[in-house]
Amino acid sequence: MTKGNINVSVENIFPLIKKFLYSDHEIFLRELISNATDATLKLKHLTGIGEAKVEYGNPKIEVKVDKENKTLRIIDQGIGMTAEEVEKYINQVAFSGAEEFLEKYKDSAKDSGIIGHFGLGFYSAFMVAEKVEIVTKSYKDEPAVRWICDGSPEFTLEETTDKTERGTEIILHIAEDSTEFLEEGKIRELLLKYNKFMPVPIKFGTKTHTLPLPEDAAEDAVAETEEVDNIINNPTPAWTLAPSELTTEDYMKFYHELYPMQFEEPLFNIHLNVDYPFNLTGVLFFPKLNNSLNIEKDKIQLYQNQVFVTDEVKGIVPDFLMLLRGVIDSPDIPLNVSRSYLQADGAVKKISSYITKKVADKMASLINENREDYEQKWNDIKVVIEYGIITEEKFAEKADKFTLYPTTDGKYFLWNELEEKIKPNQTDKDGKLVILYASNADAQHSYIQSAKDKGYEVLLFDSPIIPHVIQKLESSKDKISFVRVDADHINNLIKKDEPVISKLTETEKESLKKNVEEAVNDKKFTIQLEDLDSTDAPFTITQPEFMRRMKDMQATGGGGSMFGMGGFPEMYNLVVNSNSEFADQILKTENAEEKESLIKYAVDLAKLSQNLLKGKDLTDFIQRSYQKLK
């Protein structure tokens, strides 16, 4: 029997491991399963190249809980270790056997899937165990050995006859403060969280399997049952396969495997696969988002060689794609020693840029393959696209190929199509393209109808981040201006071939404006007289485009506040159509009280159309309306 001290560079590594290296105790199981997987995949590689003269077979990893004896065992059928290898890989803390293996077999082992990077993974066992045993037998023709350590640098190592088959068994004697890890439910939860897609089958308990009845069985025959291994993981998840090997049904099955409580189908998926200048695979799904940004983020899971690391992928996945779901797997992602946190690294930026490009390319191919289907899905994906336009420059550069601009009539245009459609009719006096849009088709219906009657196209921009999208488009495209259909009146902005002739003299206009100002008497409203078509509404309320847009941006987190805690002031234009019959009626009404009543009623109607009539003002208006009916 050998006795000795573990070769560490500090007096006692264990408190350091327990308190600092691993912040989350539950990951000990992930690390031990990862080690068992490494051992199995190493054997697979060595048998594949003919160096190990043994049968690989169908190895699995088994996890056993013994609550009565307070032990947790992890058993593999992998490469095993000799006494010399235990000395080297276990007693010399931070010496990674996986790294040495990869270096030795770097040419042939490139795709062998060896996980280990750190050499400290095994020692995470001491976060939950007061004593740890290793019973291991190498695939080589050497005796099995038993290693025991009680959480101090001291260990014992001796030959044993307890193990006759190759592989390694780790026995954790669970500490009193960690007895939760003796509960089968807890272990199952951790295995499904961290090891659900490990490349080696993991057995945890057994389940009953019903045997089929023979064809000539009697009607009252009872089927026999047998106990079979309960394999709780999927060793070949979708992202490990080539897209050509998968059907749409396979992707949907995988989606529901990732999110068993998500009943709605995703719209489509993007399969990631790159091996230069870094290795990365994965599958991302577009869920139905509608117009909401108030959805769950952190639904993309990060794996490292099929070992779950985290679902906080900010930095690896561009911010706008955090709204998606799915898996990203890369051995090249730089993690700290506990695999818990990303480390700042140039590779992370490259990975993020690649994912951005891949998503942009996928969107372009989708619209080219089936435009009609893409248009039908637009309302469910537009928030992601718009968010990408305002946050990722490289994505914005490609966005014209797949960003749709819907109209209030239900038509969809790409940017070049939109320009061609509206340029002849919607330019201002400076030759700038003026794009009219509505943010709420119902609330702004009268304004939309008025614009359409004049032959203008009105887009429907109703997502919550559209003010930021508009600002981005105006800054990145040449000579365009976006104007909401109920903002400063479109007749001031759009060049008309035949200007409307005024029916009133200047003196009459001054009198009309004075009458309206005296009746309204509200500093929030600026009275504007305009010579519009006689069929247009007599009174219309608009907002200054700049002020309204700043308020919208403030509401969506981008505007700041120019006016202190009160935010932006309420400011409106009351546009009076001086060519309307109602304008004539005001001027011809001699009774001052009756004139004021006419104007206030018309103003209330204009406010009502903009949802500005509320509270007592709305109650008074309704009562006055009933009086008029009488």
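Visitor: Why is D536 called buried in this predicted model?

Guide: The relative accessible area of D536 is 12%. Buried means under 20%, so D536 is buried. This residue lies in the loop between β20 (525–530) and β21.

Visitor: What makes the pairing of the side chains of D536 and K454 a polar contact?

Guide: The distance between the two side chains is 3.1 Å. A polar contact requires a pair of N or O atoms within 3.5 Å, and the pair formed by D536 and K454 is therefore counted as one. Leaving aside neighbours within four places in sequence, D536 is in contact with S450, K454 and N577.

Visitor: What does E62 touch, and with which side chain does its own make a polar contact?

Guide: Not counting residues up to four places away in sequence, E62 touches R73, I74, I75 and K203. Its side chain makes a polar contact with the side chain of K203, at 3.4 Å, against a limit of 3.5 Å.

Visitor: Which residues of helix α15 (residues 581–588) are buried, and why are they said to line one face?

Guide: The buried residues are F582, A583 and I586. Viewed down the axis of α15, they fall within an arc of 105 degrees, so they line one face of the helix. E581 and K588, on the other side of α15, are exposed.

Visitor: What covers the buried residues of α15?

Guide: The covering elements include α13 (506–520), β21 (539–542), β22 (572–577) and α16 (592–609).

Conventions
Residues numbered from 1 in each chain as written. Predicted model: local features only at pLDDT ≥ 70, side-chain atom pairs only at ≥ 80, totals over all residues. Heavy atoms only, no water. Buried < 20%, exposed > 50% of the residue type's maximum accessible area, 1.4 Å probe, protein only. Helix = DSSP H or I, 4+ residues; strand = E, 2+ residues; numbered from the N terminus. Arc of directions from axis to C-beta. Contact = heavy atoms within 4.5 Å. Polar contact = N/O pair within 3.5 Å; in protein donor to acceptor, adjacent residues only side chain to side chain.
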